[in-house]
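Me: I am new to this structure and would like to go through its cavities and its helix packing step by step. Please show it first, and then take my questions in turn.

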Amino acid sequence: MSGDLSIVSIPLKGTLVVLADDYFRLAHHDVDGRPRLHHRAVEIGLAAALLGELLSTRHIEVHDGHLVVVNRTPPVDALSHTVLDSLLAESHRQTVRTWLLFLSQAARTQVASRLIRHGHLRAETSRRLFGPPTTTYLPTDMNQAAWPWLSLSMRLRDGQQLSYEMTCLAGLALATGLDRWLLAGASSASVAYLREVVTHTWKPMRELLVHTEATIGDAVLAHRT
């Protein structure tokens with residue numbers, strides 16, 4: 001493996017990291033838009049990605065399992081602005097897991113809407129005889145939709161160094177269970193490299209990932225019981 005993990009990649013202050021868009025692409029099939037994971041895992045993963053965007057721009061911090069807003073300046077991105085407003089509307093400090101569960105309720109629709117606005121998705125609603133209508137989000141460009149998987153998978157398999165945003169995406173893949181699909185058929189060395197990359201992730205992001213994995217585990221278990 002050739003990746004150099006001696007220096008942890010840290011986002012520059014104020015840098016916009018649109019992490020949730022690529023996680024959405026990673027978590028959904030690039031042809032038919034179907035989720036690759038249990039729907040709760042996808043929703044919580046997207047909520048984590050939205051928090052990761054605010055964490056990267058230094059609008060929030062994560063300390064001892066709690067989330068704290070440290071910058072009230074409205075983010076440039078409209079969706080990040082909406083998420084920050086939700087955090088500011090709560091007067092009491094809440095745990096990361098509480099926010100992940102709360103934000104996950106709308107995260108898939110919100111991120112899909114952002115991708116639709118930018119022309120990357122289109123919504124298709126199907127109606128059934130019984131039950132509510134369901135909405136599927138189809139990519140407008142299958143190559144673009146597949147790119148996060150292709151680029152991240154190839155880099156992990158080759159042991160190449162990852163950018164900060166790709167490191168975060170790799171962490172989300174591991175925390176939500178997408179790694180099994182991302183590295184299907186890969187060598188044990190590639191799997192070990194993914195875990196090593198995540199271990200060396202920027203500390204605040206690493207803490208967010210730990211809580212994301214735990215929240216998904218609890219939510220999926222509760223759904224099955």
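Me: Which residues line the second largest cavity?

Reply: This is a predicted model, in which local features need pLDDT of at least 70 and side-chain atom pairs count only at pLDDT 80 or more, while totals for chains, interfaces and linings use all residues. Residues are numbered from 1 along each chain as its sequence is written, and side-chain values use heavy atoms, with hydrogens and water left out. A cavity is a set of points on a 1 Å grid over the protein atoms alone where a 1.4 Å probe fits but cannot get out, and lining residues have an atom within 4 Å of a point. The lining of the second largest cavity consists of Arg25, Leu26, His28, Asp30, Arg36, Ala145, Ala146, Trp149 and Trp181.

Me: Which helix gives the largest share of the lining of the second largest cavity?

Reply: Helices (H or I, at least four residues) and strands (E, at least two) are DSSP runs numbered from the N terminus. H1 and H5 each supply at least two residues of this lining, and the largest share, three residues, comes from H5.

Me: What volume does the largest cavity have?

Reply: The structure holds two cavities of 30 Å³ or more. A volume here is the space filled by probe spheres set on the grid points, which are joined across faces, edges and corners. The second largest cavity has a volume of about 40 Å³, and for the largest cavity the value is about 110 Å³.

Me: Which residues lie closest to the centre of the largest cavity?

Reply: Helix H1 (19-27), strand S4 (134-139) and helix H5 (142-158) each supply at least two residues of its lining. Ala, Val, Leu, Ile, Met, Phe, Trp, Tyr, Cys and Pro count as nonpolar, Asp, Glu, Lys and Arg as charged, and the others, Gly among them, as polar; by these classes the lining has six nonpolar, six polar and three charged residues. Of the 15 residues that line the largest cavity, the closest to its centre are Arg25, His120, Leu121, Pro139 and Ala145.

Me: How are H2 and H6 oriented to each other, roughly parallel or roughly antiparallel?

Reply: Axes are lines fitted to C-alpha atoms, for helices over the stretch in contact, and angles run from 0 to 180 degrees between N-to-C directions. The axes of H2 (residues 39-56) and H6 (residues 164-176) come within 10 Å and cross at roughly 150°. Angles under 35 degrees count as roughly parallel, over 145 as roughly antiparallel, 65 to 115 as roughly perpendicular and the rest as oblique. H2 and H6 are therefore, relative to each other, roughly antiparallel.

Me: Which residues of H3 make the contact with H2?

Reply: The axes of H2 and H3 (residues 78-89) come within 10 Å and cross at roughly 90°, so H2 is roughly perpendicular to H3. Contact means heavy atoms within 4.5 Å. On the H2 side it is made by Leu50, Leu51, Glu53 and Leu54, and on the H3 side by Leu79, Ser80, Val83, Leu84 and Leu87.

Me: What is the distance between the axes of H3 and H4?

Reply: These two helices, of which H4 covers residues 96-117, pack at an angle of about 160°, and H3 and H4 are therefore roughly antiparallel. The distance between their axes is 11 Å.

Definitions and conventions. On a 1 Å grid over the protein atoms alone, a cavity is a set of points where a 1.4 Å probe fits but cannot get out, and a pocket is an open set with protein on both sides within 12 Å along at least five of seven lines; lining residues have an atom within 4 Å of a point.
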